[in-house]
Amino acid sequence: MAVKVGKNVKHIKVGDRVGVGAQSGSCLDCGECTSGQENYCSKGMVGTYNGKYPDGSKSYGEYSDYCRAPAHFAVKIPDSLLLAEAAPMLCGGVTTWNPLVKNGAGPGKKVGIVGVGGLGDFGILWAKALGCDEGAMKYIATEEGGWNRKNARSLDLIVSTVSSPNMPLAQYFQLLRTNGQFIQVSNCTTRKETSTNPSSTRSPRR
Ligand SMILES: [Zn+2]
């Protein structure tokens, strides 16, 4: 719930239900920020949890009683949406929504989502809501031999939510039609690499 709103904020008023995703700050000035890709900002990235604001104070995410964030990173939650449903949309939801919309998911596009049971569930919901063709409505079991040949050249866009460095990338590519796109949204480093590079696990997925 918004308890205080800056005088220049137009899209939120006191009393509104609001949400802040995994990012709550960026420079808003660099090439990435001005092209709507604030999550790639290299100058002033502030994570909502385990982050640091420009004044040096820390961000505590959902462990804090209150969150003070630039309105640019706060969204009004529609009244019809339960807060419990809205909360995961601010992280896993936007992580899968963005690559679908940015890459033209919609009627006439056959979309595949790799990985079900986490981010992928949102990917399937969005693909359906966006009116994509039946690609996302068909389940391909990759444990079964020949799945890549059987479904070769059947998809325009694949969004992969799997983070295993051992995923069968070459076979996934075979599922793409000519000029198809494969978008990877999760971190593919090995456990060892992740542990020596903590920053790679901190950046919000969007
Ligand atoms: Zn920036």
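Q: In which loop does arginine 153 lie?

A: Helices (H or I, at least four residues) and strands (E, at least two) are DSSP runs, numbered from the N terminus. Arginine 153 lies in the loop between helix H4 (147-150) and E8. This is a predicted model, in which local features need pLDDT of at least 70, side-chain atom pairs count only at pLDDT 80 or more, and totals for chains, interfaces and linings use all residues. Residues are numbered from 1 along each chain as its sequence is written.

Q: Why does arginine 153 count as exposed?

A: A residue is buried if 20 or more other C-beta atoms lie within 10 Å of its own, exposed if 12 or fewer, and partly exposed in between, with C-beta atoms placed from the backbone. Arginine 153 counts as exposed because it has 10 C-beta neighbours inside 10 Å.

Q: What is the phi of arginine 153, and what is that of asparagine 50?

A: Most residues other than glycine have a negative phi. Arginine 153, although not a glycine, has a positive phi of about 50 degrees. Asparagine 50 also has a positive value, near 60 degrees. Asparagine 50 is placed in strand E4 (residues 49-52), and it counts as partly exposed because it has 13 C-beta neighbours inside 10 Å.

Q: Which residues are in contact with arginine 177, leaving aside its neighbours within four places in sequence?

A: Two residues are in contact if their C-beta atoms, placed from the backbone, lie within 7 Å. With those sequence neighbours left aside, arginine 177 is in contact with Arg153, Leu155 and Asp156. Arginine 177 belongs to strand E9 (residues 176-184). Its C-alpha atom is separated by 4.2 Å from that of arginine 153, 24 residues apart along the chain. Arginine 177 has 13 C-beta neighbours inside 10 Å and therefore counts as partly exposed.

Q: Which residues of the largest nonpolar core touch the most other members?

A: In soluble globular proteins, nonpolar side chains tend to be buried together. A nonpolar core is a set of buried Ala, Val, Leu, Ile, Met, Phe, Trp, Tyr and Cys residues joined through C-beta atoms within 7 Å. Here the largest core has 20 residues, of which Leu100, Ala105, Val111, Ala127, Leu157, Ile158 and Val159 touch the most other members. Two or more residues come from each of helix H2 (83-102), strand E7 (111-114), helix H3 (119-129) and strand E8 (155-160). Beyond four places in sequence, the contacts of isoleucine 158 include Gly112, Val114, Tyr172 and Phe182.
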